[in-house]
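Have it open while you read, and follow the points in order.

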Amino acid sequence: MITLVHLYPRHMNIYGDTGNVIVLRQRLRWRGIESRVVPIDVGDPLPHDADIVLGGGGQDAAQGEIGQDFVSRAAELRAMADDGVVFLTICGTYQMLGHEFVTQDGVRITGTSVLDVTTQGTPTRLIGNNYIDTPEFGRLVGYENHSGMTTLGPGVRPLGRTVPGRGNNGKDRTEGAVRDNVFGTYLHGPVLAKSPQFADELARRALVRRGSDADLVPLDDGLAQQAALVAVTRPR
Ligand code: GLN
């Protein structure tokens, strides 16, 4: 049984990010691997047997609403990351895994410092279809919509290089951040729907950590790959 932890599904679920939970569950189910989803809202305890932690995007106001609860879990989330728990965090949750997110209105939202990144909000929004090329997981396809400009520290490496889009900050062409099994990206969509190879990588890492057989039988991903091919031809 694989445990998926879904952080703040009510507050942090814009642009279909809950779809990442659905994609992961279904791909495990197609391999006969059972999973359960534990939604975490303000005040809920984190389960001790988390394998994969997922979190989506959210408006500045929503990030403000969950901010105190989220940062109160900082030590626990860092310990989980140090222990190899897999994280996939999108946009607003990605920002809050960092040290802080200062909104364009100057509101300082303290992060959990799971990732060595810092985000500054600006009046400019980085919006549009995007795909990134990654050294390990091939091409990831989605779209971005954020005011936050993220700077990476030495404790992380970029997830990939943004191609048509603006990525972390519209300057250095980096997109997302990685350390151990912790992944952050600005790609909404949900990103896993059109990047099935990345979904399998997350599942494989969780199974390896559990000492389970991580040899996932290949699936027919023709439809997802076609969707990705169409998506990358779309204008920004
Ligand atoms: N509110 C954050 C920003 O604007 C995150 C947005 C999002 O999650 N799409 O940058």
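The points below start with the ligand and then move on to the rings and the backbone.

1. Some ground rules. This is a predicted model, in which local features need pLDDT of at least 70 and side-chain atom pairs count only at pLDDT 80 or more, while totals for chains, interfaces and linings use all residues. Residues are numbered from 1 along each chain as its sequence is written, and side-chain values use heavy atoms, with hydrogens and water left out.

2. Which residues come nearest to the ligand? Gly-58, Asp-60, Gln-63, Cys-91 and Asn-145 do, out of 16 residues around the ligand (a residue is near if one of its heavy atoms lies within 4 Å). By class, that shell has eleven polar, three nonpolar and two charged residues. Here Ala, Val, Leu, Ile, Met, Phe, Trp, Tyr, Cys and Pro count as nonpolar, Asp, Glu, Lys and Arg as charged, and the others, Gly among them, as polar.

3. Now the oxygens of the ligand. A backbone N or O atom of Gly-58 is 2.9 Å from one of the ligand's oxygen atoms, and for a backbone N or O atom of Gly-92 the distance to a ligand oxygen is 3.1 Å. Ser-147 uses its side chain: a polar atom there lies 3.0 Å from an oxygen atom of the ligand. Taken alone, the ligand exposes 290 Å², and the protein buries 99% of that (accessible areas by the Shrake-Rupley method with a 1.4 Å probe).

4. Which elements give two or more residues to the shell around the ligand? They are α2 (60–71), α4 (92–97) and β8 (138–152). Four residues come from β8, the largest share. Helices (H or I, at least four residues) and strands (E, at least two) are DSSP runs, numbered from the N terminus.

5. On to the rings. The structure holds six aromatic pairs (rings of Phe, Tyr and Trp, the last by its six-membered ring, with centres within 6.5 Å; planes under 30 degrees apart are stacked, over 60 edge-to-face, the rest tilted). In one of them, Phe-137 and Phe-183 have ring centres 5.6 Å apart and planes at 75 degrees, so the pair is edge-to-face. Phe-137 lies in the loop between β7 (117–134) and β8, and Phe-183 in strand β12 (residues 182–185), so the pair ties together parts 46 residues apart in sequence.

6. Two backbone spots to look at. Gly-189 and Pro-190 are joined by a cis peptide bond, with omega about 10 degrees; Pro-190 lies in the loop between β12 and α5 (196–210). Tyr-8 has phi near 45 degrees, a positive value in a residue other than glycine, and Tyr-8 is placed in the loop between β1 (2–7) and α1 (19–29).

Notes:
A polar contact is a pair of N or O atoms within 3.5 Å; within protein, one must be able to donate a hydrogen and the other to accept it, and residues adjacent in sequence count only if both atoms are side-chain atoms.
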